[in-house]
Amino acid sequence: MSSKVYQKIYTHLHAITKATVSLKATGVANDELALVHGHLAQVVKVKGELVTLQVFAGTEGIPTDAEVVFLGAPPTLKVSEQLSGRFFNAYGHPIDGGPEVEGEERQVGGPSVNPYRRRQPSELIPTGIAGIDLNNTLVSGQKIPFFADPDQPYNQVMADVAMRADVDKIILGGMGLSNDDYLFFRNEFESAGALDKIVCFINTTEDPPVERLLVPDMTLAAAEYFAVDRNEKVLVLLTDMTLYADALSIVSNRMDQIPSKDSMPGSLYSDLAKIYEKAVQLPSGGSITIIAVTTLNDGDITHAIPDNTGYITEGQLFLRADSDSGKVIVDPFRSLSRLKQLVQGKKTREDHSQVMNAGVRLYADAQNAKTKLENGFDLSDYDHRCLDYAKEYATRLLSIDVNIKIDEMLNTAWELFSKYFSPAETGIKQTLIDKYWVR
Amino acid sequence: MSTKGKVSGIVSNLVTVQVDGPVAENELCYIDLHGTKLLAEVIKVNGANASVQVFESTRGLCMGDSVEFLGRMLEITLGPGLLSSVYDGLQNNLATMEDVFLKRGEYTDPLDRDKLWEFTPIAKPGDSVSAADWLGEVTEGWLPHKIMVPFSFKGSYTVKTVAPAGKYTVDDVVATLTAADGEVVEVTMTQKWPVKLAVKAYREKPRPSKIMETGVRVIDTFNPIAEGGTGFIPGPFGCGKTVLQHAIAKQGEADVIVMAACGERANEVVEIFTEFPELIDPHTGRKLMERTTIICNTSNMPVAAREASVYTAMTICEYYRAMGLRCLLLADSTSRWAQALREMSNRMEELPGADAFPVDLSSIISNFYSRAGMVILNNGKTGAVTFIGTVSPAGGNLKEPVTESTKKAARCFYALEQNRADQKRYPAVNPIDSYSKYLEYPEIAASLDAMFEKGWVDKVIGAKMLVRRGREMADQINILGDDGVPMSYHEAFWKSELIDFGFLQQDAFDAIDSLCPLERQKEMLDMLLEVCAKQFLFEDYEKCRAVFKDMINIVKQMNYSEFHSEKFYNYRTELNNLVQEYVK
């Protein structure tokens, strides 16, 4: 890390908390980086002469006479083609034993794209998973998180999606990743022979939590380089954003800010939006698509983190263990892709949206039948058919281990409708019934 | 000499400035960041320290950076050319910014200064005029855009000269007026107005007396909004707030639409940019974009400008209302605006109210909603601003400060329900909890009687009762079981389902079903109520379910068919035959 020529060294800390230090200094710029006792820190508040810094590595062992040097610039990343195939830590330093990257030094967390210069996302990203492609189709330039309980295989699903997606670069931002999961991703990427199109910024559970705050900005700065400068299609994976938000609350708490819901900072919505809104379809053809993970506490989506996320992202993919089929499924009720109508029926077959809606509606009827069954009531013939349908629907379409083409998903759905229901019971447009009903 | 200052504190976008002279609340200032000027607004003064919210990122700002106060509040420029423009929350024209990325401190002109407008005079020399009176007119798109006496003019003036018909730019003087004290003032086609003040240059503000057609059945028939009325749409994410709002924007019966994308997703605004220039306004046959202004302050844009964006949008509506036009303002979402207030209040370390929102949230919201309304202009003509805001309640829980405060201010309540959305019953407007206070207005009831038929409101209330009864029956069936209740329970439940599927639900993505004119709404409602008025005879509840499912399917096919087409009536006959077969 280079520093100013005539740098001034401060040696008296005024206050220390677990995440921040304060000292008297002059001429300090907002957001500027500093070295505190050799640890990287960033200016977060200036009040008169008193400057507060968040210390990324934590303040353990920092004495009140620690040396503080201001570096005169916000966090930066050197960008070039050399990023490809490399693994970095939260500061953008290699952790794979390779050399430092050479390239243009850019500030991370930079300005947003002029909304007027954006293009409407219109390219389908097929994943082979019917719970996604059929019911919640993904589109390039979209931002969408997995909402999952910690015990669900979200990282595996995300890796599957990434490896199957037709993109030029995959950039992984790992926050609080367990070492095992980090090695899993590394292994997946290596064994798929896809290393040259991967860039990883990794903060594991062994690293200090406040460092995580840098990961999304680093990841997206690299993504913007490939998407804007090189017109590439970039897929960004961010896991786990809940741990990122937890780090935000640690810092705001140490700064004595008044917490809002669930002890999260009042600016949580803006903080998350700054990250997710980097997803973009550019006029030049490049794009950034963000798939993130937000882990939940026992499926609670009303907690401030998933709640704010849901209002920012273009839908969410909800994973759930299904007792009927014994599989992990993409929940058709709570999952949603807001951009799906941009490709459904346009890039896919004409019957796509009606088949999707009918499939989910009938699955909802099955849930009602199940409630009746649980309450000890007799089931009607329709209820029985719904239950049988639901089981097969979950196994053949909703399960995350499905890997088929979209036309095949549609055909499977028609096959199930025809097997269990009459055309009227599906409520699908007559013209489509005439064409696709399996007689 | 204007007041100057120096930066003395920074927390994110809240900056404290030590000032050397007088400053006013809400006064603007420029902070000089190494040559880049950042616009900011005073929100609190304490001794010689002014707290300002900066409308840009404060990265790199240093202690001691110089600040210059401007002696005015945040104001926007009003004049021909506002329509079909895309602005940020501070009225910078986003379309004329060259770069792909937004640059800090780049401020662009909201109006095209070179464009020539065909001006026709209205006022004559010698006329006595006051603020908002019409002096002349240009044609903007297909709308008559009145050139008015600026809203800020106080008292009465006499017209001295008016420019003859011809082509002028917005900056050319088109009239001169003589004030009471003899001073002569020049009027161009533009004027400025501070956004946080309501424009009150009109004669009176009566109660709304007519509904605004939206083409959405659950609104127009069940919970109509008045022209000049207020409504809000709360709902958890994923329930279709934005789709519903876009449907209203596309189909709403208004001359001017202002959409404020306030702290929402950029891709949703892109959808408007992409689709509106192509879509046709069903009422005039012109391109939708020609009547639309977009105020776009997406969630990643600076939070202080987000707060300003709703005021900017409202001011533009009030401007067009003064021309005798009907305006519709859609703000998505007012919760983001409230959160912007919360972020600032938090940084100023104010004592928080509920959920850490500022304590005056409720009064700020009701004050804003009160700027909507129908008005009678000085010349006796009418204009209206109808306002519909969305609310994004945290965790989908309607017992939170923004929803509760808005409920006190808005007259229509369109509650989106997670449960309905899960079942893909769109629009997911809860038919029981939602309401329109306008149905209780005798003026509105009279106007509905004239539009539809005498006693229309009672008919609507009757239909609502059917739906409510159906819900109660469903609860009973769930508790007692299919066998445990009499047949009439099943029948009542399925009648409510028929109204739900056949009328309340509407496919926003289907070319025909998405727009349902009032005439068609009446015909469908009459038809469904006729079916529901019949007593049926079924051998068992299985049969009841099967027959009603068939009916629902037929009615849905009708909704997908062209109105008055042969197909439409074939389905109708099919429905009648089915009903006849099972009627008691």
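Me: Before anything else, what makes a residue buried here?

Reply: A residue is buried if 20 or more other C-beta atoms lie within 10 Å of its own. Keep in mind that this is a predicted model. In chain A, buried residues make up 54% of the 439 residues.

Me: Thanks! How many helices and strands does chain A have?

Reply: Chain A has 12 helices and 21 strands. The radius of gyration of chain A is 25 Å, close to the 22 Å that the globule rule gives for 439 residues, so chain A is as compact as a globular protein of that length. Its C-alpha trace spans about 85 × 50 × 40 Å along the principal axes.

Me: And what share of the contacts in chain A join residues at least 24 apart?

Reply: Counting contacts between residues at least 6 apart in sequence, 72% join residues at least 24 apart.

Me: Let's turn to chain B. How are two packed helices described?

Reply: By the angle between their axes and the distance between the axes. Take helix α6 (residues 361-369) of chain B and helix α7 (residues 401-409) of chain B: they pack at about 40 degrees, with axes 9 Å apart. Angles under 35 degrees would count as roughly parallel; α6(B) and α7(B) are therefore oblique to each other. The crossing of α6(B) past α7(B) is right-handed.

Me: Nice. Which residues make the contact?

Reply: From α6(B) come Leu361(B), Ser362(B), Ile365(B), Ser366(B) and Tyr369(B), while α7(B) supplies Pro401(B), Ser405(B), Thr406(B), Lys408(B) and Ala409(B). By type, the residues of this contact of α6(B) with α7(B) are five nonpolar, four polar and one charged.

Conventions
Residues numbered from 1 in each chain as written. Chains lettered and ligands numbered in written order. Predicted model: local features only at pLDDT ≥ 70, side-chain atom pairs only at ≥ 80, totals over all residues. Helix = DSSP H or I, 4+ residues; strand = E, 2+ residues; numbered from the N terminus. Rg over C-alpha atoms; globule rule 2.2 N^0.38 Å. Buried ≥ 20, exposed ≤ 12 C-beta atoms within 10 Å, placed from the backbone. Contact = placed C-beta atoms within 7 Å. Axes fitted to C-alpha atoms, helices over the stretch in contact; angles between N-to-C directions. Parallel < 35°, antiparallel > 145°, perpendicular 65-115°, else oblique. Left-handed = near helix turned anticlockwise from the far one by under 90°. Nonpolar A, V, L, I, M, F, W, Y, C, P; charged D, E, K, R; others polar.
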